Each structure stands twice: as structure tokens, then as C-alpha cells.
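Hello,

I am handing over the structure below. My notes on it follow.

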Amino acid sequence: MPVLLLTDIFVFLLVGLLLAFGLYAARREHLRAPWRWVVQSRVGVVSLVILGSYAAIGLLDTVHFHPRLEAPAGGGVGGKSSEVLSLLDLWLAPLRERQEKTYSAPFATHLHAMETLAQPDGTSRRDYPRLVHGGAHLAASEGERGRDIMLTSLSGLTKGLALWALVTMVAVALLAWRRRRGRERNPPRGLIRDWGHALRDLARGGTQWPWRTGLLALGLILILGAVTAELAVKYHVLGTDKVGEDVLYQALKSIRTGLVIGTLTTLVMLPAAILLGIMAGYYRGLADDVIQYLYTTLNSIPGVLLIAAAVLMLQVHMSNHEAEFTSLAQRADLRLFFLCLILGVTSWTGLCRLLRGEALKLREVDYVQAAQALGVGNLSIIARHILPNVLHLVIIALALDFSGLVLAEAVLSYINIGVDPTMNSWGNMINGARLELAREPIVWWSLASAFLFMFVLVLFANLLADVVRDAFDPRLRGA
């Protein structure tokens with residue numbers, strides 16, 4: 001039975017808005033040209049492919065449902081479970097269900113903590129017990145593990161290469177089809193020859209768009225994903241945490257939290273920043289004074305204290321109204337949404353100030369002065385002349401702010417005012433690693449996994465932001 005959480009609604013709304021903006025921009029050359037410049041950039045294409053893989057995982061984790069319970073053995077009808085799962089949980093069921101007793105290192109076959117083990121002769125000894133799932137198919141000897149990992153990786157590599165070859169064939173077919181359409185006035189040369197020319201252009205990098213770069217990036221993801229999937233069936237690739245849960249599963253589940261923080265906060269801050277920034281710059285006078293006073297006052301409040309106070313108030317409200325929240329997933333989701341709301345309220349001032357300055361400049365240009373002299377209404381001038389000319393600043397600011405918001409979630413969860421502790425997030429993984437780093441022997445894989453996944457997301461978000469900034473700024477685009 002499908003379940004629609006609060007953040008799910010806004011994620012689907014955001015996807016709908018992005019699709020609507022894509023259709024709107026596709027019909028207007030002044031909006032289509034910068035994005036064409038982005039996808040013609042090799043850095044832009046690689047960033048889009050990497051971020052697209054993150055977005056795909058996040059969307060899979062956004063479709064929630066109650067799993068169906070099996071019918072009783074004696075007959076009857078099966079009901080629905082109170083547990084809330086997602087499509088990603090369904091896909092990663094082997095990782096989610098294979099739980100160990102406690103810590104285990106990546107690719108380990110034994111626990112990371114010693115226990116007293118009973119021997120067949122009645123004696124006992126201290127040793128590292130064997131994992132229930134990780135490497136359970138191996139014999140007792142440790143020497144088989146390296147060979148098994150190598151053979152399993154080769155199997156995953158073969159499957160990844162096969163999948164990549166299939167995607168490449170589709171790309172070559174598409175290029176060949178485009179060549180035939182571009183040569184409609186000339187007689188066709190034949191399908192095989194068109195495929196050959198398309199494959200040669202792709203291999204040499206002679207296409208108008210950087211297809212070769214995009215396919216190489218996609219191939220790297222497919223091969224890495226296939227190898228990891230093959231290994232994850234037999235081992236805990238990134239180890240297990242204190243309660244024996246697979247760290248790879250936690251890291252993948254944390255992708256949705258990071259994306260929701262980065263995107264929904266943007267959706268919250270955008271209307272206030274655009275509306276108030278343009279109003280302050282265009283109307284000036286009293287409106288400008290009030291709006292400046294508002295964001296100056298808000299900037300004077302320490303943001304962390306405001307977020308902490310809001311989160312504590314929400315916790316008190318949920319404790320006093322437990323009956324309104326039927327599941328842990330609903331409670332955690334409300335806290336995540338509330339955190340996006342608070343971050344949006346405290347982070348719109350920078351973009352608002354930027355748009356105010358740009359609107360102050362635009363209201364003095366000739367065509368706006370001419371429109372005012374001809375009696376055109378203020379709202380029409382803002383909609384037709386001011387808003388389209390500040391849109392590039394909005395897109396650049398959003399691209400730059402995204403990575404900062406992802407990092408903010410990790411920092412806030414580290415000081416226990418971020419997302420709910422029961423929700424998977426990179427911040428909670430880092431927070432839990434504080435004591436693990438003080439253990440002997442040290443437990444490093446949870447921190448390293450959260451760092452790696454967050455680093456890749458933030459790195460390519462920053463690279464894409466640089467390309468978008470260059471594409472939408474005419475001075476940088478011409479340089």
C-alpha cells in the first residue's frame with residue numbers, strides 16, 4: 001500500500017517544477033542557449049551523470065509503501081505491515097536484512113570484537129567469531145578470501161562492461177539516426193555505413209556534444225555499481241556498524257536525506273528571496289527600508305541557536321501529541337521537513353540582498369524607464385523585464401548553495417540538532433563515529449564511507465555550479 005510522506009510530496013512537486021521549467025526553457029532560445037553550453041562542457045556532462053546517479057537513488061528512496069504481510073498458514077487474508085519501506089529498500093533487501101551482531105571491517109569474515117567461544121572439547125577460548133553473513137560461503141581458511149574477492153569482482157566487471165556496451169550501442173544508434181536526419185536532402189548511404197561513421201565519431205570525440213565523455217563517466221558508474229553489487233551479495237563491502245547493520249546500505253540511504261536538505265530548502269527560500277529582493281530594489285523607499293530591516297535583523301540572530309530552538313520546540317510538540325504520529329518514519333520525516341523549513345527561513349537573505357542590488361540597477365535602464373513612461377503597470381514591468389533579467393543570478397545562487405546545505409546537514413546532525421537519529425544521514429553516521437574513533441582497535445569505515453559519499457556529491461555539485469555560473473554569466477562565457 002503506497003505511503004506519501006510530507007517530504008515525498010515536496011520532492012514530487014520539485015520534480016514537476018523542474019520538468020515544467022525544462023519545457024518552458026526549451027521554447028526560449030535565451031534560456032536554452034546557456035543550458036546547451038552546460039551540456040557541451042565535458043565537466044558539465046560528467047557532473048550531470050554523477051549527480052543524476054545520486055538523484056536516481058534518491059527518487060527510488062522517495063517512493064514509500066507498506067509491505068504486504070503473508071497470509072496466515074491456516075488460511076485468511078494477509079494484511080499490511082506497519083513498517084514503511086521504499087523501492088530502494090526493496091532493491092537493497094539483501095543488505096537491509098543481513099544483520100550481524102556488531103562491528104565488522106570491510107570484506108571481513110569475522111567480527112571486529114573478541115568473544116569467549118565454546119570449544120567442542122568443552123573448553124573455551126577468546127577469539128573473533130565468524131560472521132553470520134559476510135563471507136559465510138567461504139571455508140574456514142582466510143586464504144580463499146582474496147581469490148574469491150578477485151573472481152567476484154571480475155564477474156561484476158564483466159556484467160558492468162556488458163551493460164555499458166548495451167548503452168553505448170543505443171548511443172551509437174541515436175547518433176546514426178541523427179546523421180540520417182541531417183542528410184535528408186542527400187540519398188542515404190545505408191544503415192551499416194551510418195553506424196560505422198557514428199561509432200568512429202564517438203571514438204574520436206568528434207561529435208557536437210561530448211558523448212564520449214558522458215559515456216565514459218556512465219561506464220565508470222555502471223562498472224563500479226556492478227562490481228559493488230556482486231561483492232555486496234557475499235560480503236559487507238563497507239563493513240557493519242555497532243548494531244551490525246551494513247554501512248553500505250546506510251550510506252546509500254543517506255543520499256535521499258542529503259538531496260532533500262539541499263533541494264527542499266531551496267524550494268522554501270526561493271519565493272521569499274525573489275519576491276522581497278525584487279520588491280526592495282524596484283520600489284525602493286519604505287518597502288526597501290522594511291525589507292532591509294527584516295533581513296538585517298534575521299542575519300543578526302545566530303542561525304545555529306535559531307535552528308536548535310526550533311528543533312527542540314518540534315520535539316516537545318511531537319512528545320505531547322504522540323497519537324498524531326503513527327510511525328517512526330512519519331516522525332523522522334516531519335523533523336526532516338521542519339529542518340528544511342528552518343534552513344530555508346535562515347538562508348534566503350543572501351540571495352535577497354543580491355537580487356535587491358540587481359533590481360536597483362535594472363529599474364534605471366532605458367527600456368524600464370520607457371515602459372514606466374508609457375504607463376505600463378509595475379507588476380507587468382517586474383514580470384516582463386526585471387524577473388527574466390535576474391533569473392541567471394537565481395540559478396547561479398541555487399547551484400552554489402546546494403553543496404553548502406548538504407554540508408550543513410552533516411554539521412547540524414553532528415551537534416544533535418539535525419535530522420532524527422533514527423533516519424539515515426551522513427551527519428548521523430559522522431556523529432556516531434565520534435566514539436568509534438576512540439575504540440581500540442579503531443573503527444574507521446563508517447566515517448570514511450560517509451565522507452566518501454558526501455565528498456563525491458559536494459565535489460560534482462560544485463563543479464556543476466561553476467559550469468552553470470560560467471554559462472549564465474555572459475562575461476565569463478565569452479572568456
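**Ile-395 and its surroundings**

Leaving aside residues up to four places away in sequence, Ile-395 touches Phe-21, Trp-35, Val-468 and Phe-472, contact meaning heavy atoms within 4.5 Å. The model is predicted, so local features need pLDDT of at least 70 and side-chain atom pairs count only at pLDDT 80 or more, while totals for chains, interfaces and linings use all residues. Residues are numbered from 1 along each chain as its sequence is written, and side-chain values use heavy atoms, with hydrogens and water left out.

Ile-395 is found in helix H15; helices are DSSP runs (H or I, at least four residues) numbered from the N terminus. Ile-395 counts as buried because its relative accessibility is 14% (buried means under 20% relative accessible area, 1.4 Å probe, protein chains only). Between Ile-395 and Arg-469 there are 74 residues in sequence and 8.1 Å in space, C-alpha to C-alpha.

**H3 and H9**

Helix H3 (residues 42-60) packs on helix H9 (residues 247-283) at about 95°, with the axes 8 Å apart. Axes are lines fitted to C-alpha atoms over the stretch in contact, and angles run from 0 to 180 degrees between N-to-C directions. H3 is therefore roughly perpendicular to H9 (65 to 115 degrees). Tyr-54, Ala-55, Ile-57 and Gly-58 in H3 meet Leu-252, Ile-255, Arg-256 and Leu-259 in H9. The residues of this contact are six nonpolar, one polar and one charged (Ala, Val, Leu, Ile, Met, Phe, Trp, Tyr, Cys and Pro count as nonpolar, Asp, Glu, Lys and Arg as charged, the others as polar).

Regards

How values were computed:
Helices (H or I, at least four residues) and strands (E, at least two) are DSSP runs, numbered from the N terminus. Angles under 35 degrees count as roughly parallel, over 145 as roughly antiparallel, 65 to 115 as roughly perpendicular and the rest as oblique. Buried means under 20% relative accessible area, exposed over 50%, partly exposed in between (1.4 Å probe, protein chains only).
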